[in-house]
Structure formats: structure tokens, C-alpha cells
Amino acid sequence: MSTTRQFPPGEFGSEPDGAGTTHAGPESRVRTLALGSASGIVPMARDFTRQALYDWGWLPAESADRRAAAEDVLLVVSELVTNACLHAEGPEQLRVSSDTKALRLEVTDRGTGQPAPRTPHRAGRPGGHGMFIVQRLCLDWGVSRTPGAPGKTVWAVLAAPA
């Protein structure tokens, strides 16, 4: 985990104007979803991400490894959005971007806290596993903040399937 390396939000391409698809280049794809005060935010975020994975060829999966990679992405989306709901005054936006090597998830929220895996991790106990799961499934993850602005963006990077 690298919470010290500060990737700027949207490093995979230009910032989109709203929800939907924005192509930043021939090998880069970006989607954003405004979450705000919508109800059913976690399933909405998963469905939005699942559709992007279909559009980008991750799904339907041709192998068990590709299916597992797509399921990992959906699980990380669920964890990041759930954490924003529970600990950060709610998520504002989900951003999913992909190039040929990696997929990046970004959840922007209004919270001031610093997410961290619960240490020590206690398997079998309820709750507190979200960031531990993110840490285990992702190549890297962290938090970026804009000085003088409220909230933060929690980002996670997963490898694209081979």
C-alpha cells in the first residue's frame, strides 16, 4: 500500500464533464458517476462499473482468471463506496478509468478521515475488513486531497487481466 505516493485524481486522462463515457485516448477509457444523495449507492456503483467492464471487454470473461479479475474490481468498488458511506459523510463521485495495463477506481467523498486497514486484522470478526480487502486485491491504493478543499479521493489500482 502506498498512501504517501499522491496520484492526482484522473491520471488516466482528461476529467470528464459528467456521467458517461469519456475517451482520453485510443488506449485509455474513463467513466464517471455522480453519487451524491442517491439511494442504493453501493449497488448502483457496482452496476455502473460492471457495465464499464462489459464495454471495455473485461466481461464476459473468457477464463476463470479474467472472471476473478472482474469480480475483484467489483468487490473493491463496493468496499470503497461503502467506506465513504459509513465513514466519510457519503460518496460524491465514482470514477473508473482503464488503459491496457491497469484499471483505476476513485471515490471522492466529503470526509476528512484517513482510511487504513484495521490492524491487527482479525478474520472472522464482523466489520472492519474493507481497506484490508482493498490492500490485498490492489496493486496500490492511497488518498489524494486538494489543499483548501473539503473531502478527499480514495483511489485504488488493479492490474488489467492478461
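Visitor: Where in the protein does Glu-89 lie?
Guide: Glu-89 is in the loop between α2 and β3 (91–98). Helices are DSSP runs of H or I with at least four residues and strands are runs of E with at least two, numbered from the N terminus. This is a predicted model, where local features need pLDDT of at least 70 and side-chain atom pairs count only at pLDDT 80 or more, while totals for chains, interfaces and linings use all residues. Residues are numbered from 1 along each chain as its sequence is written, and side-chain values use heavy atoms, leaving out hydrogens and water.

Visitor: Why is Glu-89 called exposed?
Guide: Its relative accessible area is 55%. Exposed means over 50%, buried under 20%, and partly exposed in between (1.4 Å probe, protein chains only).

Visitor: What makes the phi of Glu-89 worth a look?
Guide: Most residues other than glycine have a negative phi. Glu-89 is not a glycine, yet has a positive phi of about 65°.

Visitor: Which two residues does a cis peptide bond join?
Guide: Leu-59 and Pro-60, with omega at about -5°. Pro-60 belongs to the loop between α1 and α2. Most peptide bonds are trans.

Visitor: What makes α1 roughly antiparallel to α2?
Guide: The axes of α1 (residues 41–55) and α2 (residues 64–87) cross at roughly 150° and come within 9 Å. Axes are lines fitted to C-alpha atoms, for helices over the stretch in contact, with angles from 0 to 180 degrees between N-to-C directions. Under 35 degrees counts as roughly parallel, over 145 as roughly antiparallel, 65 to 115 as roughly perpendicular, and the rest as oblique. The angle passes the antiparallel cut-off, so α1 is roughly antiparallel to α2.

Visitor: Which residues of α1 and α2 make the contact?
Guide: Contact means heavy atoms within 4.5 Å. Among those involved are Ile-41, Val-42 and Leu-53 of α1, together with Val-73, Leu-74 and Val-81 of α2. This contact has 10 nonpolar, 3 polar and 3 charged residues. Ala, Val, Leu, Ile, Met, Phe, Trp, Tyr, Cys and Pro are the nonpolar class, Asp, Glu, Lys and Arg the charged one, and the others, including Gly, are polar.

Visitor: How do α2 and α3 pack?
Guide: Helix α3 (residues 130–137) meets α2 at an angle of about 145°, with the axes 9 Å apart. The contact includes Leu-75, Val-76 and Asn-83 of α2 and Met-131, Ile-133 and Val-134 of α3. Its residues divide into 7 nonpolar, 2 polar and 2 charged.

Visitor: Why is Asn-83 called buried?
Guide: Asn-83, found in α2, has a relative accessible area of 17%, so it falls on the buried side of the cut-off. Beyond neighbours within four places in sequence, it contacts Ala-88, Gly-130 and Met-131. Met-131 is 48 residues away along the chain, with a C-alpha separation of 8.3 Å.

Visitor: How do you know that Ala-156 is buried?
Guide: Its relative accessible area is 0%, so Ala-156 is buried. It sits in strand β6 (residues 152–159). Leaving aside neighbours within four places in sequence, its contacts include Val-76, Leu-80, Leu-105, Val-134 and Trp-141.

Visitor: How many of the residues of the protein count as buried?
Guide: 44% of its 162 residues do. The protein has 3 helices and 6 strands.
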